[in-house]
Amino acid sequence: MEGRPDTTHERQNSKRHRQTGARLSHKFYFIMATRSRIGIQLEDDSILSVYHHWDGYPAWLGQILQTHYNTKEKVADLIDGGNMSSCWSDNVYDYEKQEYVKRDPQPEYYGGDDETPQLHKTMTEYFECSNDCWGEYAYIFNKGEWFCYNTSDNLGALVDIPEEE
């Protein structure tokens with residue numbers, strides 16, 4: 001995906017390699033995700049949120065949210081779609097062609113009854129939910145502004161969203 005750092009890592013069977021110096025005939029590939037949650041703070045201070053799988057770090061997701069989901073209506077529409085792979089995907093898999101094809105960027109929702117937004121009564125509950133889904137960041141849209149929190153330690157430390165270059 002354009003603008004994403006390389007998140008595919010290759011490694012050989014490192015324990016065996018360290019012990020014997022031997023290389024195996026196969027390689028293991030790990031594709032990593034930076035999981036996050038996207039939420040909107042409601043009038044009663046509760047937070048309605050969804051899971052976001054890929055590229056949840058502030059330099060990508062934070063900038064996408066600030067640039068493309070910068071009104072209450074846009075954020076509400078994004079969250080209403082439910083849990084998603086990505087909120088800004090510019091390709092889709094074409095099963096007939098057996099390849100990915102370009103499209104206008106849009107959310108890539110999972111779909112289904114289990115993927116609906118979740119309501120959290122408190123900020124602590126929201127951070128716990130983010131941590132439970134292995135989330136590293138939690139975003140909250142409140143009073144026209146995005147806030148990003150690091151939830152990898154479950155404390156919810158505020159993190160700056162870098163300006164788009």
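Three salt bridges turn up in a search of the whole structure, which is a predicted model. Side chains of opposite charge can pair when their charged atoms come close.

| Salt bridge | Closest N and O atoms |
|---|---|
| Lys72 and Glu43 | 3.8 Å |
| Asp90 and Lys102 | 3.3 Å |
| Glu108 and Arg103 | 2.6 Å |

Lys72 and Glu43 are joined by a salt bridge, with 3.8 Å between the closest N and O atoms. Lys72 belongs to helix 3 (residues 72–80), while Glu43 sits in the loop between strand 3 (36–41) and strand 4 (47–52), so this pair ties together parts that are 29 residues apart in sequence. Glu43 has a relative accessible area of 75% and is exposed.

Asp90 and Lys102 form a salt bridge whose closest N and O atoms are 3.3 Å apart. This pair links distant parts of the chain, 12 residues apart: Asp90 is in strand 5 (residues 84–94) and Lys102 in strand 6 (residues 99–109). Asp90 counts as buried because its relative accessible area is 14%, under the 20% cut-off. Lys102, in contrast, is exposed at 61% relative accessibility.

Glu108 pairs with Arg103, and their closest N and O atoms lie 2.6 Å apart. Glu108 is partly exposed, with a relative accessible area of 26%. Arg103 is also partly exposed, at a relative accessible area of 22%.

Notes:
Residues numbered from 1 in each chain as written. Predicted model: local features only at pLDDT ≥ 70, side-chain atom pairs only at ≥ 80, totals over all residues. Heavy atoms only, no water. Salt bridge = Lys/Arg side-chain N within 4 Å of Asp/Glu carboxyl O. Helix = DSSP H or I, 4+ residues; strand = E, 2+ residues; numbered from the N terminus. Buried < 20%, exposed > 50% of the residue type's maximum accessible area, 1.4 Å probe, protein only.
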